[in-house]
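Subject: Structure handover

Hello,

Here is the structure for you to look over. Please open it first, then read my notes.

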Amino acid sequence: MATSPCSSSGVSSSSSSGLGADAGLEIRTRSVEQTLVPLVSQITTLINHKDKPKRSDKTLQAIQRVGQAVNLAVGRFVTVGEAIANENHELKEEMSVACIEARRAGETIAQLTDVASLDHPESDSHITIFTDKTGVVKAARLLLSSVTKVLVLADRIVIKQIITSRNKVLATMEQLEKVSSFQEFVQIFSQFGNEMVEFAHLTGDRQNDLKDEKKKARMAASRAVLEKCTMMLLTASKTCLRHPDCESARINKDGVFHRMRLALEQVIEIVTDSRPNGENEMAPISIYSGIREFKNKVEGLRENLYFLSKENLSTMLEVILEHTEDFTDSAYTSHEHREHILELSKQAKMELEQLVSVWMQAQNQKTKDLMEDLEVAILKTCQCMNELKREVHSAATSLAADLLKYHTDHMVLKALKITGVEGNLEAVAEYTCKLSEQKEQLVEMCRLLRHVSGTEPLEITCIHAEDTFQVTGPQIISAAETLALHPSSKIAKENLEVFCEAWESQLSDMSLLLREINDVFEGRRGEKRVYLSLPRPGKHNANLKALKPVKLDTEEQAKIAKLGLELHLLTSDVDSETEKWEDQENEIVQHGQGMSSMAYSMYLFTRGEGLLKTTQDLFHQAEIFATEGTKLASALHTLSDQVHDDDKPLLLLEAEKLISMCKQLQITAKASAQGKSATFTKVDACILKTRNVMTLLCQLLPLCCKLLRKNKAGNGCLKPAPPWKEDRIRTGTNARAPERRVDTYGIKSLENHVTNMTFLESK
């Protein structure tokens with residue numbers, strides 16, 4: 001399913017110099033884009049050099065050095081490209097042509113910039129950058145285009161790796177479906193687990209590398225399905241083997257295999273940018289996106305009265321109001337919300353009628369009064385749409401909050417487990433009906449949240465959540481029926497537990513999703529910072545050289561996933577607390593934000609994502625986290641020196657707790673762990689202790705904030721700091737990480753050669 005040579009990545013950039021690459025190439029990954037940035041920047045600098053009547057020897061030497069540097073770097077780059085071509089015969093011809101073009105362009109640039117030894121570089125007798133500017137631009141275009149083609153072809157190797165890995169997984173799944181003995185199943189499943197780990201790492205790197213946030217969200221959803229389904233496949237298959245004549249067990253197993261195949265197919269659609277039978281992806285339109293587009297068109301009338309028709313605007317409003325029927329027709333929307341939405345829909349129609357009337361008059365006669373009336377009509381229409389947006393957001397989020405709170409006790413799941421073990425088929429049937437009702441409520445909740453999610457990635461997350469509830473509900477029912485038919489079966493009981501855990505996990509995810517949706521609505525959403533503090537050659541890692549990195553297998557990752565989710569919730573809580581501080585430069589806030597970012601990167605590790613690729617990366621991050629916590633404790637002691645009120649003993653006690661917990665975490669992170677089992681235990685302990693520190697941090701931040709607010713109110717709870725502390729240099733760690741570096745496969749060595757070009761900047 002590999003795509004055409006230029007479909008996986010490419011470039012469509014330009015500059016003031018007219019420098020640009022092949023318009024048929026489009027960049028789709030960050031690694032290709034970041035590799036090209038220095039090349040585009042420096043060649044543009046070369047072409048945009050200032051033409052002065054007199055040029056110093058220093059200027060001429062600088063221009064020549066740039067040209068030589070470009071040529072040498074391109075030569076090394078092409079050598080790597082040719083080596084890749086020799087290892088991948090299906091790409092050899094295309095890669096060779098692109099390499100030849102790049103080498104030729106590099107040599108041309110070197111010749112045109114060979115000016116330092118000439119007495120008169122602008123002389124017509126010797127063609128140079130000064131006499132043939134067009135030739136330099138042409139050579140630069142050819143160079144950028146050919147280098148991009150090489151990168152695109154190399155990127156196809158990454159896609160090929162993912163497809164090959166997917167094919168391995170599919171082939172092993174087919175074997176697992178057909179096995180008839182436990183011994184054979186265990187042997188094949190072991191192989192399947194290793195293949196899934198490989199697939200998870202390949203797709204995780206690809207997900208991080210994707211530029212398109214929508215595709216990234218779809219990839220994350222598909223990978224989440226595969227992660228959860230791997231454990232389901234294990235227990236469902238074992239249950240089917242133990243009870244081969246049980247129809248509900250077979251249905252349960254078939255459902256898991258079907259869902260995994262769909263997820264695998266979606267991953268391939270994303271990485272190859274293709275869909276089966278060439279069909280286009282039709283994303284459902286949300287109310288938010290409809291209102292945003294409608295308002296843009298209405299506000300555009302200020303600049304141009306003729307760029308769209310009144311029919312166009314009326315149709316857009318009709319579509320939005322049709323979608324509001326999802327709320328007004330829903331049995332779960334409150335009477336108050338329903339009435340408000342209907343009133344605002346009616347008002348929107350009237351405001352648009354008034355707007356169209358003034359608009360049509362203004363087209364015929366542009367008087368000052370009419371233009372003022374038009375401005376008023378635009379403002380009133382947009383205000384009405386904002387109120388409608390606010391109302392549907394309130395309806396969706398309040399419903400979600402109520403449902404999540406109501407179902408937090410998981411009473412129906414607990415009842416299904418109990419009645420299943422009792423073999424009470426009648427009671428199981430009763431509770432499966434209740435679970436079906438719950439499923440319909442949650443599915444409706446997801447549909448309404450999608451309308452108000454605010455961003456395309458969050459819309460996709462809502463759709464994924466809806467699919468999860470739709471599929472997992474019937475799977476729980478079939479698992480419960482199997483247990484009721486075989487109440488003494490341990491594997492049937494374990495199988496039901498796994499599906500119930502998946503349901504509970506999705507409910508927890510919905511709480512996070514609801515928080516993110518509210519953050520977007522209130523304008524608080526920003527990209528989550530990832531703290532980068534990994535060992536680098538010659539730094540930090542003197543005692544790490546002999547340790548072999550260990551990657552956890554799928555089953556072990558599943559075990560720490562729940563702990564990781566708790567860590568994620570705590571990072572959100574800490575972020576919420578730090579946002580309440582008026583002084584964002586406060587040392588306590590800085591350390592708290594740094595710790596939250598590091599904890600978030602550890603959470604990503606539990607999902608097989610982010611910058612922490614191996615357990616050794618995780619342990620090093622835990623050490624840095626503990627060090628940051630110790631610095632925070634020092635800042636707390638400084639604050640306590642200034643506190644006179646009753647909170648001082650509590651603050652000191654919490655600071656000492658923090659120091660103790662951070663020391664314990666450092667000891668655990670530095671402890672030796674030989675073997676896979678010991679390593680997993682160490683991973684579990686590090687994440688657990690990090691979670692405990694974050695829990696304490698959630699308590700400390702509001703306490704410190706309260707003390708500082710008292711001081712600001714003039715209650716005298718703080719005394720001036722001693723003079724020697726006034727000039728103290730703050731040494732807090734900056735939690736804002738450097739730009740994320742993406743590790744890729746086929747293009748990594750190429751990336752190094754281009755990125756290492758150190759061209760001279762223009763003066």
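Predicted model: local features only at pLDDT ≥ 70, side-chain atom pairs only at ≥ 80, totals over all residues.

Residues are numbered from 1 along each chain as its sequence is written, and side-chain values use heavy atoms, with hydrogens and water left out.

Salt bridges

The whole structure holds 21 salt bridges. The criterion is a side-chain nitrogen of Lys or Arg within 4 Å of a carboxyl oxygen of Asp or Glu. Helices here are DSSP runs (H or I, at least four residues), as are strands (E, at least two), numbered from the N terminus. For accessibility, buried means under 20% relative accessible area, exposed over 50%, and partly exposed in between (1.4 Å probe, protein chains only).

Start with helix α6, residues 213–242. Glu213 and Lys216 form a salt bridge there, 3.9 Å from N to O. They sit three residues apart in the helix, so about one helical turn separates them. Glu213 is partly exposed at 37% relative accessible area. Lys216 is buried at 16%.

Lys214 pairs with Glu456, and their closest N and O atoms are 3.9 Å apart. Glu456 is partly exposed, with 45% relative accessibility. Lys214 is also partly exposed, at 21%.

Glu497 and Lys417 make another salt bridge, at 3.3 Å from N to O. Again distant parts of the chain are linked: Glu497 belongs to helix α15 (residues 490–521), Lys417 to helix α12, and they are 80 residues apart. Glu497 is partly exposed at 28% relative accessible area.

Salt bridges link Glu247, Arg250 and Asp254.

Negative patch

Which residues form the negative surface patch? They are Glu318, Glu322, Glu325, Asp326 and Asp329. Glu322 is in helix α9, residues 310–328. Patch members need over 30% relative accessible area and no salt bridge; like charges are joined within 9 Å, nonpolar side chains (Val, Leu, Ile, Met, Phe, Trp, Tyr) within 5 Å. Lys and Arg count as positive, Asp and Glu as negative; His and the chain ends are not counted. Each charge is placed at NZ of Lys, CZ of Arg, CG of Asp or CD of Glu. Areas come from the Shrake-Rupley method with a 1.4 Å probe, and for residues only the protein chains shown count as cover.

Buried residues

Glu444 lies in helix α13 (residues 425–451). Its relative accessibility is 17%, so Glu444 counts as buried. The side chain of Glu444 makes a 3.0 Å polar contact with that of Ser330. Such a contact is a pair of N or O atoms within 3.5 Å; within protein, one must be able to donate a hydrogen and the other to accept it, and residues adjacent in sequence count only if both atoms are side-chain atoms.

Asp617 is in helix α18, residues 615–640. Asp617 is buried at 13% relative accessible area. Its C-alpha is 9.4 Å from that of Met602, 15 residues away in sequence.

Val74 sits in helix α2 (residues 57–87). Val74 is buried at 2% relative accessibility.

Backbone

His410 is in the loop between α11 (368–406) and α12 (411–422). Its phi is near 55°, a positive value in a residue other than glycine. Most residues other than glycine have a negative phi.

Best regards
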